[in-house]
Amino acid sequence: MPHAGYGRKVQAKLTRYDRMMARRRPKKGQPASKGYREAKKLRAKAYKKAARQRQDTGRKWAKKVVRDHDAIAVEDFRPKFLARTTMARKAADAAIGATKAALVAMGRKHGRDIRLVHPAYTTMDCAHCDARAKHRLPLGERTYTCAVCGTVSSRDKNSARVMLVRAGLNPAGADGGRPPGALLQEAA
Ligand SMILES: [Zn+2]
């Protein structure tokens with residue numbers, strides 16, 4: 001996965017223009033000042049640039065993935081940016097959405113086997129024995145330990161394997177060497 005979110009530079013710019021707009025915001029019933037309109041324009045421009053960068057990053061990454069893999073499992077989630085409020089979170093969601101769209105489009109164009117995987121419980125199921133954990137792993141916990149079969153593996157590797165199995169792909173190569181399928185998951 002490419003780095004999610006805006007580039008640091010663009011992010012700084014957006015924050016700066018947000019502040020500028022806040023400072024110049026017209027009082028109720030007053031027309032917007034020239035300065036306010038200017039700040040608004042600058043912000044819109046920076047925002048557009050961020051969107052372009054995001055698409056570009058997504059496309060580059062998708063190209064590489066499609067070149068290296070024959071089958072690709074994509075978690076079938078919808079970015080939840082409408083439900084979230086902070087800007088960093090929105091940016092991350094938008095980046096994942098753009099990346100997913102680029103990957104699916106690129107994969108189809110090049111005749112790759114794209115499989116959308118149901119997104120529920122990919123971090124709770126055991127890839128080894130298929131048991132489902134009773135509780136969600138806390139975000140900071142990077143290790144998945146199965147209470148049923150005792151398998152211990154990294155959280156990311158386990159959920160990657162769960163996805164590959166659900167997609168009907170062979171997860172055997174996911175540990176090293178050339179994986180049989182590529183993955184795109186929402187950050188969990
Ligand atoms: Zn297990």
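## Exercises on a predicted model

In this predicted model, helix H2 counts 35 residues, and its first and last C-alpha atoms lie 52 Å apart, close to the 51 Å expected at 1.5 Å a residue.

**Exercise 1.** Find which residues of H2 are buried.

Solution. Step 1: the cut-off for buried is under 20% relative accessible area. Step 2: in H2 the buried residues are Gly-35, Tyr-36, Ala-39, Arg-43, Ala-46, Ala-50, Arg-54, Gly-58, Trp-61, Ala-62, Val-65 and Val-66.

**Exercise 2.** Name the residues that form a positive surface patch, and state which element gives the most to the positive patch.

Solution. Step 1: the patch is made up of Lys-9, Lys-13, Arg-16, Lys-45, Lys-48, Lys-49 and Arg-52. Step 2: two or more of its residues come from helix H1 (8–24), and likewise from helix H2 (34–68). Step 3: H2 gives the most, with four residues.

**Exercise 3.** Locate Lys-9 and decide whether Lys-9 is buried or exposed.

Solution. Step 1: helix H1 contains Lys-9. Step 2: the relative accessible area of Lys-9 is 75%. Step 3: exposed means over 50%, so Lys-9 is exposed.

**Exercise 4.** List the buried residues of H4 and describe the phi of Gly-168, which follows H4.

Solution. Step 1: Arg-155, Asn-158, Ser-159, Ala-160, Val-162, Met-163 and Leu-164 are buried in H4. Step 2: Gly-168 has a positive phi, near 80 degrees.

Terms used
Residues are numbered from 1 along each chain as its sequence is written. This is a predicted model: local features need pLDDT of at least 70, side-chain atom pairs count only at pLDDT 80 or more; totals for chains, interfaces and linings use all residues. Side-chain values use heavy atoms; hydrogens and water are left out. Patches are made of residues with over 30% relative accessible area and no salt bridge: like charges are joined within 9 Å, nonpolar side chains (Val, Leu, Ile, Met, Phe, Trp, Tyr) within 5 Å. Accessible areas come from the Shrake-Rupley method with a 1.4 Å probe; for residues, only the protein chains shown count as cover. A salt bridge is a side-chain nitrogen of Lys or Arg within 4 Å of a carboxyl oxygen of Asp or Glu. Lys and Arg count as positive and Asp and Glu as negative; His and the chain ends are not counted. The place of a charge is taken as NZ of Lys, CZ of Arg, CG of Asp or CD of Glu. Buried means under 20% relative accessible area, exposed over 50%, partly exposed in between (1.4 Å probe, protein chains only). The expected span of a helix is 1.5 Å times one less than its number of residues.
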